[in-house]
Amino acid sequence: MTKKILIVEDNELNMKLFFDILTYQKYDAEKSFDGHEAYQKIKENNYDLIILDLQLPKLDGFSLIEKLKKENIKLPPIIIVSACAMDSDKQKAKQHNINDYLTKPIDINNFIKTVKQKIGE
Amino acid sequence: MEKILSESLNLIDDIINDTKVKNLDFYRSVLEIMSSLYVNTSLGIFFCENSSLTTKAALKQKNDVSNYKINPEFIYDFIESKDKLQEIKTQEDNFLYSNTLIAKLAIKKSVYGVIILSTNEKITQEIKTSFLALSQIISYKIKDYELNEVFKIQLKAIQEAMAEKQEAYEIIKKQHKKLQELDKTKSLFLANISHELRTPLNAIIGFSQALDSKIFGDLNPKQAEYIKDIQISSLHLLGMINEILDISKLEAHAMKFSPIELNPTQTIQEVINILEPLYKNKNIEIIFNSDFECKIKADYQKFQQILYNLLSNAIKFTKENGKIEIIQSKENKNYTLKIKDNGIGIDKKFHNKIFKKFVHLDNVYTKNQNSTGLGLTITKELVKLHKGKISLSSELNKGTTFTIEFRNIIL
């Protein structure tokens, strides 16, 4: 069965890049440009993976995770893809039990490899 | 008479020692006491300030204090000039009484006043001796009083100066804090800039990689070449962004330092492998004692970065067919690493500047090299994080050797 991936990313070109790569890899990719929209989608759908940017309009990445946890909504596996290279954010990700933290610019081969690992292929 | 004089001595002593007598009317108060003391005798005592030679006189009959002009010629040491005492009696009408004694108020050779005794009674040898003693005591007491005043003025000046100093210190402290805040703002700004630059760079590198991996179809040779060029330039730009981020982290003291046990020989080998395309391209020989055995405590990623920076610099500044030596050595718990090239070298006048930020050596060869001018600054800071020391020796056109010394790092 085709795996469903939600991409949460506010930059249109980066969204296009992730979407094209994942679609080419035969994943069923969906787009979400802000944290609030992402929250609604995660609440209503069952995703196999979320590609999550941190700086987002309306609701930032970490707040989104906290909100979902608070409402006991089942969290799919998450890969954070952020342009923030400071250690503090990586630390925060670890506190949320997210060990997959890719710093932009990503190496697409590494990105594909991480997605495959996470999704269990 | 003797009794009166000795009593007056005691009294003057008491007055002067009394802390209440502080004001500048000190002379007056002494005089007043003296005049009342001599009310039953025919004695009058005068003080004369040296500067004006105007006496402040205490007159026993009038019981007041008035000013009298005294001829400066009459002021001398009465013991030495017995004859002139008579002259005062005959020539000066200013004095109320027939017999007058004048004594200097002086410390060593500095005269600052006179004391005059005037009486109708006969001046005996005893009176003279007592009067001299009195004048000397008053001399010292007045001097003492004046010194106290000077001391007080100076103390006040010192206190004022100290207050000013404290004020200046507070201003400097405030400015220092302001500068620190500005520095923090700058670091934050740099971190933000880095973030903003990474976002478009992600698209540039990502799309060019996607084309390069031909997942969306084949490229013709020129397209393939250009895509490689875009990737190289993007990676170069990324390297510079990383350096800017590193320096802002270092300056904000936000650089994480996590030392682990590592094998430096192995780490060096890894860096040499990463740089292989670069030095092979210039046919540079790398000499390295790969059988050196040692375990050190260092931050793996930062140790690797130090080596990467120094070795890539060495490759950059060594001509084709050149030679680079990597020499490790240990002594007790200290570990030393030397990276020696036979490249273009660095002029002595730049040796002090080279670790400073944004320094590009004014050199035709280096002008073509793209860099931020931050590499060696970061390297030095990373060495410092390990409590190590970095230095260089170099001669123009002969080569450069960078030496890093880590103390107490060997496990």
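**View 1. An open, five-stranded sheet in chain B of this predicted model**. The strands follow the order 7-9-10-12-11 (chain B), and their pairing is mixed; strands are DSSP runs (E, at least two residues), numbered from the N terminus, and two of them pair if DSSP finds at least two bridges between them. Strand 7 (285-288) and strand 11 (388-395) of chain B form the edges, each pairing on one side only. On average, neighbouring strands are turned by 15° against each other, direction ignored, with axes fitted as lines to C-alpha atoms.

Before moving on, a word on conventions. Residues are numbered from 1 along each chain as its sequence is written, and chains are lettered from A in the order in which they are written. As this is a predicted model, local features need pLDDT of at least 70, side-chain atom pairs count only at pLDDT 80 or more, and totals for chains, interfaces and linings use all residues.

**View 2. Strand 10 beside strand 12 of chain B**. Strand 10 (residues 334-341) and strand 12 (residues 399-406) of chain B run antiparallel and are joined by seven bridges. Look for Lys340(B), whose bridge partner in strand 12 of chain B is Thr401(B).

**View 3. Where chain B touches chain A**. Here 17 residues of chain B are in contact with 15 residues of chain A (contact: C-beta atoms, placed from the backbone, within 7 Å). Helix 4 (125-212) and helix 5 (221-251) of chain B each supply at least two residues of that side of chain B (helices: DSSP runs of H or I, at least four residues). Helix 4 of chain B gives the most, with 13 residues.

How values were computed
Two residues are in contact if their C-beta atoms, placed from the backbone, lie within 7 Å. Axes are lines fitted to C-alpha atoms, for helices over the stretch in contact, and angles run from 0 to 180 degrees between N-to-C directions.
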